[in-house]
Amino acid sequence: FVPPGRRGPADPCEQAPPITSSPDKGTQVTVEIHHEDTSPQLIKRLSLGKGFQRTEAPRPPGAKDLHAYPWDKSSLKSMPVDLQQFEKLDAYALKVNVKNSVEELVKALLKQARTDLEKVRAIWMWICHHIEYDVVGYHNKSQLSSKPRDVLQMGKSICEGYAELFEHMCSLAGIQCKKLSGHAKGHGYKTGQTFTGDSDHAWNAVYLEGRWHLLDSTWGSGSVDDSFTNFTYRYNEFYFLTHPALFINNHFPDNSNWQLLKPTLTLKEFENNMLHNSNFYTLGLLATHPETPIIHTVKGKASVSVDCRSNMLFMFKLKGTDKHGLMTLKKHGMKLDVYPQNTGSHKLEIFAKSSKAEASDDVYKCVVEYVVECESVDKAMCFPKELHQPVGPSWFSERQGFLQPSHREPVLHTNDGRCSLTFTLSKDISVLTSLHTDGSSLDEDMGRRHVLQTHRGNQIELKVHLPHAGSFVLKIYSKKKSDPGNYDYVFNYLIRCLNTEVKWPAFPKSYGKWLQDHETLEPLSGLLPANCNVQFKLKMHGVAKVLVRSEDIHPLTQNRDCWEGTFNTSGCREVFVMVHENANHSCYSSVLRYEVETQ
């Protein structure tokens with residue numbers, strides 16, 4: 001955020017009535033009233049020449065200016081604004097290049113503006129794109145002038161200068177405008193901090209169509225970097241006529257009447273409220289739970305959720321990493337449980353981006369920050385390194401073709417070390433799965449062999465047999481069957497087993513000729529007992545012969561769609577299932593490989 005600027009004079013609670021004067025013939029007069037607290041001030045008369053009308057002194061906000069708090073989730077703006085209708089005017093305002101006087105600049109801008117709204121828009125666009133934040137001047141305010149003429153000639157200022165230039169240009173254009181000062185949650189703001197002393201930021205209210213509206217051209221123009229040495233022009237539409245119930249999120253005026261809210265907030269409420277930055281609202285997010293910026297863990301866990309209008313993609317960082325949490329995507333938002341692995345204060349940042357494929361601005365933006373205060377650590381909730389966020393099925397996995405998941409939760413608990421998941425596949429896709437855990441107990445090949453895929457029509461079943469107790473990640477990938485390329489990662493589950501007796505062998509190794517809709521009924525274990533008769537039963541179609549081969553060969557018998565038979569493992573170290581695809585050819589292909597236990 002752009003930092004706060006120098007303090008302006010305090011806003012009086014009461015406004016003096018407008019003062020009218022009789023202008024000389026051929027001359028227009030603008031009357032400005034400047035208050036210092038409530039002491040009477042000199043009335044400054046400004047002779048401007050033709051083309052400018054008199055601007056009345058701004059009237060204080062009344063009942064009809066107020067908006068309900070909290071936000072009704074309707075509009076981001078305080079009046080209906082069609083941005084498409086501004087496209088020509090915006091483009092014109094950006095090209096206006098007048099630097100010799102504020103009066104000439106306003107005259108040039110008003111050439112294409114008819115309504116008061118268009119006049120304010122033209123002034124807003126010009127300031128946001130032509131005045132840069134003065135990062136050097138901010139550190140040396142005594143040398144800084146915020147007079148409109150000086151701001152225009154320098155082309156840079158701090159918030160005070162932006163607000164004074166805006167007020168002066170509006171007044172020249174015949175529009176009531178007021179510079180407001182107060183506290184802002186801007187650059188350098190720390191979650192949960194209190195505000196004391198003088199105000200630190202300035203912005204404006206403008207009077208349009210019978211009501212007061214709020215805007216901040218400093219924050220509309222761009223932002224400064226963390227080190228506070230560089231300003232970047234980055235236009236932000238959000239701060240133009242912002243809905244007051246959203247503006248109060250990070251702007252607290254000295255005079256509470258200028259919140260334009262019913263009811264108004266106290267400074268304490270402002271300090272305690274969540275800071276939702278402009279990205280939060282422009283991305284269509286609606287609310288966060290909890291609504292307080294500081295969360296305390298309960299038994300080592302803290303939970304957060306975000307609501308939004310449409311499907312969004314989220315990520316999070318707890319002290320810079322996403323390793324200590326479980327995030328799940330929901331239809332209209334996300335849910336996150338974090339488990340800090342150290343006591344103390346932890347910064348929790350949540351990022352979001354649009355899920356629409358055509359969204360060109362394809363980066364995650366920080367939308368909200370919490371501070372998590374951890375009193376005790378839950379060491380059991382330490383997750384495998386391979387776990388990817390988000391965890392579990394979601395609208396995203398549905399979009400990739402995985403419908404009706406048997407397990408909707410991100411974590412599966414198994415006591416005997418086995419579990420089974422099913423999905424309906426909505427697309428013609430090939431699926432790849434792998435099991436991962438920390439340590440060296442599972443290499444890539446074995447990780448694949450501890451998951452068995454079975455296809456029945458458009459149903460897929462994933463059987464998982466764990467090699468030992470612990471925490472495992474089941475990763476699921478897919479690709480179009482017609483696509484020769486690589487598999488794309490889709491989603492993952494966390495599988496946990498506490499039973500230390502568990503020790504399941506891998507499933508048999510399968511080869512390329514083992515088709516997706518073939519099914520192993522028995523034996524499921526890829527490790528066969530030595531010196532035993534083993535019953536084989538395999539569902540296969542489109543093959544002429546099936547045999548089991550080791551030291552000798554044993555053909556299986558076809559019984560409807562199953563191939564069956566018994567094979568003795570005496571003297572064998574490994575056993576292959578072979579298929580003969582065409583009765584006229586003598587070529588056999590290996591489809592499955594089993595190992596035999598050593599004596």
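**Note on helix packing and strand pairing**

1. Helix H3 passes helix H6 in a right-handed crossing. The model under discussion is a predicted one. H3 covers residues 116-130 and H6 covers residues 159-172; the two pack with their axes 10 Å apart, at an angle of about 150°. Because angles over 145 degrees count as roughly antiparallel, H3 is described as roughly antiparallel to H6.

2. The residues that form this contact can be named on both sides. H3 contributes Val 120, Ile 123, Trp 124 and Ile 127, which meet Tyr 162, Leu 165, Phe 166, Met 169 and Cys 170 of H6. By class, the contact of H3 with H6 contains nine nonpolar residues, no polar ones and no charged ones.

3. On the H2 side the contact involves Val 102, Glu 103, Leu 105, Val 106 and Leu 109, and on the H6 side Leu 165, His 168, Met 169 and Leu 172. This contact of H2 with H6 has seven nonpolar residues, one polar and one charged. Leu 165 and Met 169 of H6 are listed in the contact with H3 and also in the contact with H2.

4. The next point concerns strand E18. This strand spans residues 333-338 and is mostly covered, with five of its six residues buried. Strand E15 (residues 302-308) pairs with E18 in the antiparallel sense over six bridges. Strand E17 (residues 325-330) likewise pairs with E18 in the antiparallel sense, over six bridges. A hairpin of two residues joins E17 to E18.

5. Which residue of E18 is the bridge partner of Ala 302? The partner is Val 338. Val 338 is also the bridge partner of Gly 325. When examining these strands, the student may recall a general rule: in a regular strand, side chains alternate between the two faces of the sheet.

6. Is Thr 454 buried or exposed? Its relative accessibility is 2%. Because buried means under 20% relative accessible area, Thr 454 counts as buried. Leaving aside residues up to four places away in sequence, Thr 454 touches Gln 459, Ile 460, Glu 461 and Glu 519.

Terms used:
Residues numbered from 1 in each chain as written. Predicted model: local features only at pLDDT ≥ 70, side-chain atom pairs only at ≥ 80, totals over all residues. Heavy atoms only, no water. Buried < 20%, exposed > 50% of the residue type's maximum accessible area, 1.4 Å probe, protein only. Contact = heavy atoms within 4.5 Å. Helix = DSSP H or I, 4+ residues; strand = E, 2+ residues; numbered from the N terminus. Pairing = 2+ DSSP bridges. Axes fitted to C-alpha atoms, helices over the stretch in contact; angles between N-to-C directions. Parallel < 35°, antiparallel > 145°, perpendicular 65-115°, else oblique. Left-handed = near helix turned anticlockwise from the far one by under 90°. Nonpolar A, V, L, I, M, F, W, Y, C, P; charged D, E, K, R; others polar.
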